[in-house]
2 protein chains.
Amino acid sequence: METLKLRKISIDTYRENVAYLHRDCPVYRSEGFQALSKIEIHEAADGSTVIAVLNVVDDEAILAPHELGLSEQAFTQLNLPDGTDVRVEHARPPDSLKAVHRKIAGERLMLDEYRGIIRDITGNRYSRIEIAAFLVSCSETGLERDEVLYLTRAMVETGKRLDWSEPLVVDKHCIGGVPGNRTSMLIVPIVAAHGMLIPKTSSRAITSPAGTADTMGVLANVELLPDHLHRIVRRERACLAWGGKARLAPVDDVLISVERPLSLDSPGQMVASILAKKLAAGSTHLLIDIPVGPTAKVRSRSAALRLRKLFEYTGDHTGLQLEVIITDGRQPIGRGIGPVLEARDVMLILNNHPDAPADLREKALQLSGRILEFDPDVRGGQGYVIARDILYSGRALAKMEAIIQAQGDKPGTAAPGYLRKPVLAGSSGNITHIDNLQMAHIARLAGAPLDPGAGVDLHRKIGEPVSQGDPLYTIHAEFEADFRFSCEAAARDSGYRIGLQSEAENKKSG
Amino acid sequence: METLKLRKISIDTYRENVAYLHRDCPVYRSEGFQALSKIEIHEAADGSTVIAVLNVVDDEAILAPHELGLSEQAFTQLNLPDGTDVRVEHARPPDSLKAVHRKIAGERLMLDEYRGIIRDITGNRYSRIEIAAFLVSCSETGLERDEVLYLTRAMVETGKRLDWSEPLVVDKHCIGGVPGNRTSMLIVPIVAAHGMLIPKTSSRAITSPAGTADTMGVLANVELLPDHLHRIVRRERACLAWGGKARLAPVDDVLISVERPLSLDSPGQMVASILAKKLAAGSTHLLIDIPVGPTAKVRSRSAALRLRKLFEYTGDHTGLQLEVIITDGRQPIGRGIGPVLEARDVMLILNNHPDAPADLREKALQLSGRILEFDPDVRGGQGYVIARDILYSGRALAKMEAIIQAQGDKPGTAAPGYLRKPVLAGSSGNITHIDNLQMAHIARLAGAPLDPGAGVDLHRKIGEPVSQGDPLYTIHAEFEADFRFSCEAAARDSGYRIGLQSEAENKKSG
């Protein structure tokens with residue numbers, strides 16, 4: 001079989017390996033390839049190999065007929081120098097694809113089958129359409145709870161697993177869907193001030209107006225290399241960093257890169273994805289927050305309870321001490337939506353400022369209390385009181401400042417976007433509903449999280465009275481076009497509903 | 001918003017539009033894109049637009065920062081000259097994706113929803129992972145028969161539809177899975193010699209050792225432009241051509257390009273795909289052949305009956321006169337497997353040669369008879385006799401020769417591959433099983449259909465006696481490496497099973 005000269009093509013194809021062959025390449029012509037075929041590239045001498053999707057080049061300026069080009073990711077994976085002799089052949093479908101077909105047919109898979117699938121995905125043997133097929137099959141017939149457990153285990157095994165050599169490594173996770181819900185930035189300093197180890201890594205927002213990494217990024221550097229992160233955690237007992245630099249359950253990132261554009265969001269996948277990441281991060285104790293509300297990710301209490309059981313079952317069988325708390329997700333938490341506005345809320349609370357949003361503070365204290373009770377020395381029911389004491393005494397603020405200093409503080413203060421427009425109540429009455437999705441949509445259109453100062457600042461929450469013409473919230477933006485789009489969206493649907501119900505009645509029913 | 005200069009990148013990305021942005025491109029940086037994002041490219045001046053998946057270029061030799069590159073397919077679709085000012089933005093998910101999510105959740109979709117999905121796929125608004133999600137969702141919960149009907153209708157509407165202006169335009173289709181089953185090349189000349197219009201277009205083999213287009217390609221030119229094809233059909237009442245040049249139900253080709261690498265093969269998708277193509281081709285009467293056998297595509301008679309009902313229901317509701325015939329798919333039909341060997345079988349039968357394989361001839365006569373009975377002037381039950389008369393009188397051969405001349409005959413005679421190895425019986429007895437899949441596998445490894453002379457020539461069929469050391473079949477190949485692979489596979493598993501059963505007993509049970 002003829003060999004070709006390896007050549008790096010400086011094209012970034014993200015999570016899809018792409019190989020390039022010239023149309024006049026003798027191998028291309030003889031092997032009956034066509035573009036989008038999956039091919040396997042071997043080093044002629046030994047066994048190094050990589051699988052990639054084929055693109056066919058018609059331009060010798062990009063690639064010569066005797067060359068085999070690889071996109072940046074594929075080239076890095078093959079890890080051979082430019083000019084190496086390589087051979088090319090049709091890639092065989094990965095063995096584990098048979099299990100995916102059985103899953104599509106509605107069957108239940110076993111641990112070894114999930115291991116096979118996850119190993120092949122990690123080894124880049126799956127194309128993106130094959131990953132999509134796997135995810136849809138899991139989403140459609142659903143995963144039985146044992147399957148969630150198998151999938152979790154298989155995912156943990158794909159990457160490295162941190163070992164903090166401490167009996168108590170705590171973490172929290174919110175399943176999301178409620179804007180402004182920035183509790184981690186309060187819980188971490190409170191819990192760490194108590195002395196617990198809480199090495200918190202978070203994601204950036206992808207579909208929401210701000211993630212913890214975006215909001216913390218307003219105050220401090222969040223892109224830390226693993227070694228640096230470890231030193232900070234050892235000294236401060238905590239960090240608030242972006243999780244993208246660690247290689248924890250790396251297959252999860254691959255799955256998410258297909259799940260996200262497909263907007264797939266099945267309970268089984270979600271539980272496996274969250275727990276695999278936490279187990280790989282070395283967590284021993286975990287608090288899960290499931291907000292419930294008509295416009296939250298989880299819409300009903302019964303769905304939340306089902307999800308809780310699934311978390312508990314999987315946690316119990318993987319040695320993770322796990323508590324699930326179901327919270328009020330009927331409306332955004334706090335006042336700000338968007339990195340700068342949310343960071344402001346957090347700092348107001350840590351500073352015990354009278355203008356601090358009470359709902360975010362209360363929720364953070366509740367969750368902190370539950371985490372503190374993971375400490376065997378904390379008496380059941382005392383967590384909340386300890387958390388409140390840490391916050392009110394200023395110890396939480398001091399810890400937060402220490403973390404910011406350790407990670408590297410951001411010079412200057414970021415301000416809310418200078419373009420601002422209040423959105424006014426169209427009638428008088430009481431606020432009965434605030435649509436999480438619409439508020440997130442308006443904040444994202446305004447530019448959040450890319451423009452940290454963009455977002456929405458809420459002036460009224462559910463149950464509060466308004467008079468016609470009162471400002472419900474203010475839109476902040478940094479660019480004219482974004483500002484206009486956001487204001488137009490708010491004009492079409494403010495996201496608020498105002499009823500005639502009295503405040504007292506509303507509180508009863510809430 | 002900034003504009004970029006359009007530039008064609010000479011890379012063939014087949015059925016996936018790819019756009020290229022330089023990493024230092026100001027638009028790339030400001031819009032928060034990442035590789036594999038779906039982006040929409042607009043002409044700055046008017047409304048031309050195309051959707052593509054983003055690749056990020058790090059090499060100015062490929063693309064400059066102020067340029068927007070499009071792969072060949074995407075460039076052709078946008079249909080604007082190099083250097084045009086274009087704008088780029090995030091592509092919104094297609095509206096019909098909501099229906100796909102409902103299908104994933106197990107719901108039943110209506111005609112308008114299938115129309116929306118098929119329209120968006122045809123308009124290149126779906127990425128390949130979105131198409132995969134749609135196909136898996138249809139495969140997993142299955143399609144109700146009304147959904148198959150809706151999907152068929154939606155698919156027919158996507159392309160042009162031929163109108164032959166005759167009351168009777170016949171066609172046949174075999175759902176495949178049985179090697180050597182080259183009945184079309186016999187049915188077409190028989191039926192056309194009777195005067196019926198049978199404009200037969202076929203596919204090339206993708207997963208099998210030969211398709212009708214590959215086998216006919218041994219004898220004649222099969223790549224005909226639509227106009228040429230029409231002239232031939234008008235004159236000869238028939239053709240035997242490759243269907244790839246027509247734009248019939250083009251969305252089907254897109255779906256197949258994802259279905260095939262995923263090995264998805266759901267009954268609903270299959271029925272819709274076949275019938276949409278036939279309706280678009282202007283067929284009025286259609287015979288469907290469903291071979292049943294333990295190693296055929298359809299494994300049981302009950303599955304075949306279910307499939308038949310689905311064909312009938314969909315045919316009846318789309319105005320297609322449709323007959324389904326369930327045939328014996330326990331073993332390959334005819335002797336040759338591979339283009340040259342199969343063409344030889346066909347010509348032996350047309351020449352009424354004593355060595356012609358009887359099973360292929362009988363099957364072709366049976367199917368031809370059923371098609372002839374679509375003619376209102378043919379009395380029920382007389383079709384077979386007429387077919388046999390046409391074959392035995394030499395009129396079928398004359399028609400085949402006329403079709404070959406009209407399409408353009410191939411100079412010289414193609415011979416079976418010169419590398420040959422007989423595979424011998426390991427014991428004495430009667431042949432009880434021949435594995436369709438293994439025989440196809442061995443023939444493909446030998447080089448079929450790419451090397452037309454490669455393949456397998458069967459010397460024994462089920463029920464026939466053999467003595468140890470008798471040749472079961474001969475492998476033919478044109479290249480040493482292929483030959484070796486094929487012989488090794490046959491040595492591991494010959495595909496034949498030999499029992500002690502007597503011939504008489506076997507015939508009874510067969």
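In strand β18 of chain A, A:H476 is the bridge partner of A:G455. This pair belongs to a predicted model, in which strand β16 (residues 455–458) and strand β18 (residues 471–477) of chain A are joined by 4 bridges in the antiparallel sense. Both strands are part of an open sheet of 4 strands in chain A, with the order β13-β16-β18-β14 and antiparallel pairing. The edges of this sheet are formed by β13 (336–337) and β14 (419–424) of chain A, each of which pairs on one side only. Helix α17 (residues 436–445) of chain A packs on the sheet, where it touches β13, β16 and β18 of chain A; the direction of α17 makes about 130° with that of β16(A). A further helix of chain A, α18 (residues 480–492), lies across β14 and β18 and runs at about 155° to β18(A).

The loop that leads from α17 to β16 in chain A contains A:P449. The peptide bond between A:A448 and A:P449 is cis, with omega about 5°. In chain B, a cis peptide bond likewise joins B:A448 and B:P449, with omega about 0°. B:P449 is located in the loop between α17 (436–445) and β16 (455–458) of chain B.

Chain A as a whole comprises 19 helices and 19 strands. Its radius of gyration is 25 Å, which agrees with the value near 24 Å that a compact globule of 510 residues would have. The C-alpha trace of chain A spans about 80 × 55 × 50 Å along its principal axes. Of the 510 residues in chain A, 55% are buried. Among contacts in chain A with a separation of 6 or more, 79% are accounted for by residues 24 or more positions apart.

Helix packing in chain A is illustrated by α7 (residues 184–193) and α16 (residues 395–407), whose axes come within 8 Å and cross at roughly 105°. Because angles of 65 to 115 degrees count as roughly perpendicular, α7(A) and α16(A) are assigned to that class. On the α7(A) side, the residues that meet α16(A) are A:P189, A:I190, A:A192 and A:A193. Their counterparts in α16(A) are A:R395, A:A396, A:K399, A:M400 and A:I403. The contact of these two helices has 7 nonpolar and 2 charged residues, and no polar ones.

Elsewhere in chain A, strand β7 (residues 85–90) pairs with strand β1 (residues 4–8) in the antiparallel sense through 2 bridges. Within this pairing, A:L4 stands opposite A:V86. β7(A) also pairs with strand β4 (residues 38–43) of chain A, again in the antiparallel sense, over 5 bridges. Here A:I39 stands opposite A:H90 of β7(A).

Between the two chains, 39 residues of chain A are in contact with 40 residues of chain B. On the side of chain A that touches chain B, two or more residues are given by each of β2 (11–12), β5 (49–57), α3 (97–104), α5 (128–140) and α10 (250–262) of chain A. The largest share, 9 residues, comes from α5(A). By class, this side of chain A divides into 18 nonpolar, 11 polar and 10 charged residues. A:I11 stands opposite B:V57 in β5(B).

In chain B, 3 strands form an open sheet in the order β17-β15-β19 with antiparallel pairing. Strands β17 (465–466) and β19 (496–499) of chain B stand at the edges with a single partner strand each, so one side of each has no neighbour in the sheet. Strand β15 (residues 429–434) of chain B pairs with β19(B) in the antiparallel sense over 4 bridges; B:R497 in β19(B) is the bridge partner of B:H433.

Two asparagines of chain B have positive phi values. For B:N79, phi is near 60°, and the residue is placed in the loop between α2 (72–78) and β7 (85–90) of chain B. B:N79 is exposed, with 9 other C-beta atoms within 10 Å. B:N124 also has a positive phi, of about 60°, and lies in the loop between α4 (111–122) and α5 (128–140) of chain B. With 18 C-beta neighbours inside 10 Å, B:N124 counts as partly exposed.

Definitions and conventions. Residues numbered from 1 in each chain as written. Chains lettered and ligands numbered in written order. Predicted model: local features only at pLDDT ≥ 70, side-chain atom pairs only at ≥ 80, totals over all residues. Rg over C-alpha atoms; globule rule 2.2 N^0.38 Å. Buried ≥ 20, exposed ≤ 12 C-beta atoms within 10 Å, placed from the backbone. Contact = placed C-beta atoms within 7 Å. Pairing = 2+ DSSP bridges. Axes fitted to C-alpha atoms, helices over the stretch in contact; angles between N-to-C directions. Parallel < 35°, antiparallel > 145°, perpendicular 65-115°, else oblique. Nonpolar A, V, L, I, M, F, W, Y, C, P; charged D, E, K, R; others polar.
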